[in-house]
Amino acid sequence: MTKPIRRVGVVGSGVMGSGIAAHMANAGLEVLLLDIVPRDLSEEEKKSKKARDRIAATNLAATVKAKPALFFHPSNAARVSVGNIDDDLAKLEGCDLVIEAIIENLKIKQSFFEKLDAVIDDDTVVASNTSGLRIHDMVQGRDAKFRSNFLVMHFFNPVRYMKLLELVPGPDTSPEVMERVAAFGRNALGKGIVVGKDTPNFVGNRIGVHSMMTTIHQMVEDGLLPEDVDAITGPPMGHPKSASFRTADLVGLDTFVHVAKNCYDALPDDEERDVFKVPSFIEGMVEKKILGNKTRGGFYKKTKAGIETLDLTTLDYRAKGGDEAVYKACKKIGRIDDPAERLRKLVATEGTVGTFAWKVLSKSLAYAARRIGEITDDVDAVDDAMKWGYNWDLGPFESWDALGFAETTQRMLDDGIALPESIVKMKASGATGFYREDGAVYDLAKGDYVSRAKDPRNVGWEVMTKSNAPVLETDGGKAHDLGDGVLGVTFTTPYNTIDTGSVQILWDAADRAERDFESIVIFNQGANFCVGANLGSVVMASMNKQWDDLARLVDRYQQATQRLKYAHVPVVGAPFGMTLGGGLELCFGCDQVQAAAETYAGLVEVGVGLIPGGAGCMNMLWRGLEGYPEGTTVNTYDVVTQVFKNIAMASVATSGVEAQHKGYFRFSDGVSFDRARQLHEAKQRAIGLSRSGYHPPQPKAYVLPGESGIATLSMMVDTLVAGGYATEYDGVIAKRLARVLCGGAGGATHAVTENEMLAIEKEVFLSLCGEEKSIARMQAMLTTNKPLRN
């Protein structure tokens with residue numbers, strides 16, 4: 001048995017150190033965050049522990065307030081205690097893992113490790129988050145035990161959101177320590193592990209920065225503008241929308257230059273060393289503090305007039321421009337769903353687009369191939385690093401396969417691009433690509449395909465359903481047999497919206513599961529779980545006054561969520577990404593939820609002039625009221641008020657954990673740190689429920705605030721409107737919402753049943769559909785994707 005990692009020390013509380021500490025706390029670990037004593041303390045302050053801890057405390061406080069959020073919930077910060085290296089180094093005794101994230105200065109790191117060595121336990125793992133210093137140099141003077149427990153843990157920023165964790169062993173690092181830390185990274189932190197070698201910038205940044213610098217130099221050589229390059233190197237190339245220069249602005253030009261210079265200085269024998277040489281215009285940007293988003297201006301700058309672009313000759317801003325033909329061609333390519341097909345279409349496009357894309361891609365792919373054996377032994381490690389650390393859809397070798405291995409290789413050779421002998425031999429052997437359908441990967445050192453051990457938890461919907469046809473299918477969804485008695489349901493509507501077809505699959509699945517299965521898992525695919533109802537159909541019906549059609553739609557979805565809620569088999573939802581409006585209402589109908597950590601859930605209907613209409617008002621309120629022992633006198637008004645605020649303010653949780661705190665999910669629900677494991681974990685949850693004596697819940701009824709509650713909430717709304725915090729029409733919607741949550745005027749006279757609540761919710765929803773201002777809000781959202789304040 002491997003000793004678990006429960007207590008972690010993080011030394012250095014800067015951006016990386018604080019981010020690492022936050023994510024360790026997210027994982028439920030006890031964290032000690034240390035930094036230096038401030039150098040500017042007065043004599044009196046030197047006696048104050050609070051003052052001496054100021055750097056770590058200040059940085060932790062900033063991390064709690066960070067946007068995007070680094071803690072899953074602010075309360076997780078309570079797991080982090082702070083201190084300073086001078087006074088509290090001995091507190092690192094008993095830590096299972098100590099991560100060093102101090103300044104990139106070899107002598108300072110060596111001095112720190114010498115002090116640390118004197119206080120830690122024999123089995124404490126010590127890791128550096130360095131990106132440029134060699135392990136051999138950092139552990140100079142340390143004994144064999146320290147060296148055997150030492151490695152690099154290179155996190156990517158922001159730590160919470162970036163899946164990549166590069167592990168780099170030193171010459172003396174024990175295999176047991178590597179496996180212990182790798183298991184910890186995968187299981188506790190939800191990271192994707194890439195094992196690299198002790199070379200400058202390891203795997204991800206070595207390939208990523210080379211790709212970026214190649215792109216910049218090629219842009220200059222071909223006379224293109226940043227706008228043209230970003231159009232080509234974004235989604236059409238399988239890269240994020242931020243593409244090249246917007247990504248540099250996000251990262252920060254100073255950070256980017258630091259990494260590039262580190263490569264240039266530390267790689268004297270690299271055959272493409274000059275690629276890492278920073279162009280003079282970027283040096284000028286850094287000198288002028290034109291660093292990107294952190295200085296509110298980099299390659300691009302937001303102004304009241306719109307986005308401006310930096311002129312790379314004058315370093316002054318100009319109106320955003322670019323070649324319109326390039327933009328249109330790339331926009332069309334970017335709409336293709338399959339990233340491999342996008343890439344093929346991009347390279348095949350005649351003119352500037354295809355020519356530039358090929359130049360950049362061919363050089364980058366060849367460079368990645370030449371690095372195998374130097375930075376890592378495995379092509380899939382490089383691909384994983386680029387997907388997890390740079391958010392590429394396809395890694396370099398996957399891109400090579402997508403373009404056609406043999407023809408792409410031949411084209412490179414014809415162009416005079418240097419390829420390693422291993423690639424030439426691979427082509428001569430008749431290999432068709434780096435990856436085979438059976439999961440084998442080509443090993444360039446061995447010259448043959450090798451099998452890779454796969455984590456059985458990392459199974460996606462396509463893999464789990466590959467061998468069987470749908471059990472059920474409508475025009476809005478499918479249901480597959482996932483094995484072990486589990487029926488899997490997935491929507492097939494655009495953006496996984498709620499419409500008649502997706503509602504029907506829920507009804508059909510409940511009926512079928514009760515006959516032939518033991519449980520249901522609802523697992524949608526795409527970027528988001530479900531963004532709510534098909535707003536277009538609601539707008540059309542409202543404009544055409546098709547009230548009966550709308551009433552049937554509301555009835556059908558309300559009863560669908562209730563059907564799932566009271567099904568005789570357990571139902572598990574697996575939300576991720578945006579889980580809004582009807583998407584969250586669907587989760588309310590599930591017995592349990594296995595949410596991705598990055599789930600952004602909320603009932604946001606007020607933004608389009610409506611209230612939740614799929615039993616969301618009732619089920620969110622019922623969630624807040626459940627758990628009180630029988631006989632307890634409950635002040636339902638307090639619960640109603642908080643639910644009212646969450647719906648009226650369209651409050652969206654920024655993580656699955658925050659959704660638990662807001663009452664959207666239960667604290668007994670699961671949170672998957674690694675989205676790749678979510679389907680497996682949801683399925684295991686469903687199996688556990690079905691095989692542990694599952695019975696459906698009992699319908700509830702509660703005495704609600706009624707007329708007095710409506711009046712009190714209405715006064716609150718009037719105050720907000722009078723103060724300019726809400727529009728008059730916001731007030732109209734809010735007051736109608738208050739009526740629903742208070743159980744109507746008679747809510748205090750009896751225990752209000754679920755059917756009564758649903759009837760009031762439906763009535764109010766339909767009444768708002770008939771309001772011109774609500775219709776205007778819905779239309780605005782459809783055309784601009786922004787809420788209208790009217």
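Predicted model: local features only at pLDDT ≥ 70, side-chain atom pairs only at ≥ 80, totals over all residues.

Student: Okay, and where is Ala567 found?

Tutor: Ala567 sits in the loop between helix H24 (547-565) and strand E18 (571-573).

Student: Is Ala567 buried or exposed?

Tutor: Ala567 is buried, with a relative accessible area of 0%.

Student: And how far is Ala567 from Pro697?

Tutor: In sequence, Ala567 and Pro697 are 130 residues apart. In space, their C-alpha atoms are 9.0 Å apart.

Student: You mentioned E18. Which sense does E18 pair in with E20?

Tutor: Parallel, over 2 bridges. Gly573 has Val593 in E20 as its bridge partner.

Student: What about E20 and strand E22, how many bridges there?

Tutor: E20 and strand E22 (residues 670-672) pair over 3 bridges, in the parallel sense. Gln594 has Gly670 in E22 as its bridge partner.

Student: How many residues of E20 are buried?

Tutor: For strand E20 (residues 592-596), 5 of its 5 residues are buried. Both faces are covered: Gln592, Gln594 and Ala596 are buried on one side, and Val593 and Ala595 on the other.

Student: Switching topic: what's the strand order in the open sheet of 8 strands?

Tutor: The order is E3-E2-E1-E4-E5-E6-E7-E8, and the pairing is mixed. At the edges are strand E3 (80-84) and strand E8 (192-195), each pairing on one side only. From one strand to the next, the twist averages 25 degrees.

Student: Which strands does helix H8 lie across?

Tutor: Helix H8 (residues 175-187) lies across strand E4 (97-100), strand E5 (125-128), E6, E7 and E8. The helix runs at about 175 degrees to E7.

Student: New topic, salt bridges. How many are there?

Tutor: The count comes to 52. One of them joins Asp88 and Lys49, with the closest N and O atoms 2.7 Å apart.

Student: Which parts does that pair tie together?

Tutor: Asp88 lies in helix H4 (residues 85-88) and Lys49 in helix H2 (residues 49-52), so the pair ties together parts that are 39 residues apart in sequence. Asp88 is buried at 2% relative accessible area, while Lys49 is partly exposed at 35%.

Student: And Lys109 with Glu100, buried or exposed?

Tutor: Both Lys109 and Glu100 are buried. They form a salt bridge too, the closest N and O atoms being 2.3 Å apart.

Student: What about Arg134 and Asp198?

Tutor: Their side chains meet in a salt bridge at 3.6 Å, N to O. Arg134 is in the loop between E5 and helix H6 (135-138) and Asp198 in the loop between E8 and helix H9 (204-222), so this pair ties together parts that are 64 residues apart in sequence. Arg134 counts as partly exposed at 39% relative accessibility, whereas Asp198 is buried at 13%.

Student: Last one: which residues are linked in a network of salt bridges?

Tutor: Arg206, Asp270, Glu271, Glu272, Arg370, Arg371 and Glu374 are linked that way.

Key. Residues numbered from 1 in each chain as written. Heavy atoms only, no water. Pairing = 2+ DSSP bridges. Helix = DSSP H or I, 4+ residues; strand = E, 2+ residues; numbered from the N terminus. Axes fitted to C-alpha atoms, helices over the stretch in contact; angles between N-to-C directions. Contact = heavy atoms within 4.5 Å. Salt bridge = Lys/Arg side-chain N within 4 Å of Asp/Glu carboxyl O. Buried < 20%, exposed > 50% of the residue type's maximum accessible area, 1.4 Å probe, protein only.
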